[in-house]
Amino acid sequence: SGFDPNEQITGETLQAILHDIIDDHRSTNFFQSDEAFEEILNPDPTGQGEVIGVYTLQPRFDFPNDWNREHSWPSSLGVGDEGIAHDDLMALFPADRRLNSARSNRFFDECTPGVGQCESPASVGSGDTFLEAAEGSSQDRFTFSPPFETRGDLARAIFYLATRYDG
């Protein structure tokens, strides 16, 4: 079935139509995604690094020691550790490995700086190992909020995942 933008389609009907449009795609191997990031998806336009980190917005170097793949939908919350959803490049982003680990499986949401244990910007480590995410990010025990500049990309990735794999 096709999609007519003039129709007033909403809810599950719209999700089913969109799912039918995007449910047949070619999968890549998860372990090849670092090459795709460097060459196509998120290369560093300054040429200083391999990629731009989704949380730091800074050049990242040396895969996998400095950066790794961030699942916009955490593997532990339904994507799993293998299969087509786990390997889908539309759901993966390059991230500083330490901030990726700090995000863990927290849901994306905002916390209010100065209220409770909300830290803004989000960070990990201390002393020589301290690393801060970009301005606009925040975190508490239950949530992680990415920088303003990447929220739209991450939201689109999660919408895609929900439509593609839950359809």
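**View 1. Ser138 has Ser145, in β9, as its bridge partner.** The model is predicted, with local features requiring pLDDT of at least 70 and side-chain atom pairs counting only at pLDDT 80 or more, while totals for chains, interfaces and linings use all residues. Residues are numbered from 1 along each chain as its sequence is written, and side-chain values use heavy atoms, with hydrogens and water left out. Strands (E, at least two residues) and helices (H or I, at least four) are DSSP runs numbered from the N terminus. β8 and β9 (residues 143–145) run antiparallel and are joined by 2 bridges; two strands pair if DSSP finds at least two bridges between them. The open sheet has 3 strands in the order β5-β9-β8, with mixed pairing. Its edge strands, β5 (107–108) and β8 (138–139), each pair on one side only.

**View 2. Cys111 and Cys118 form a disulfide.** Their sulfur atoms lie 2.1 Å apart, the criterion being a pair of cysteine sulfur atoms within 2.5 Å. The S-S torsion is about 65°, so the disulfide is right-handed. Cys111 and Cys118 are buried (under 20% relative accessible area; exposed is over 50%, partly exposed in between; 1.4 Å probe, protein chains only).

**View 3. Arg60 forms salt bridges with Asp66 and Asp96.** A salt bridge is a side-chain nitrogen of Lys or Arg within 4 Å of a carboxyl oxygen of Asp or Glu. The closest N and O atoms are 3.0 Å apart for Asp66 and Arg60, and 3.3 Å apart for Asp96 and Arg60. Asp96 in β4 (residues 92–96) and Arg60 in β2 (residues 59–60) are 36 residues apart. Both Asp96 and Arg60 are buried.
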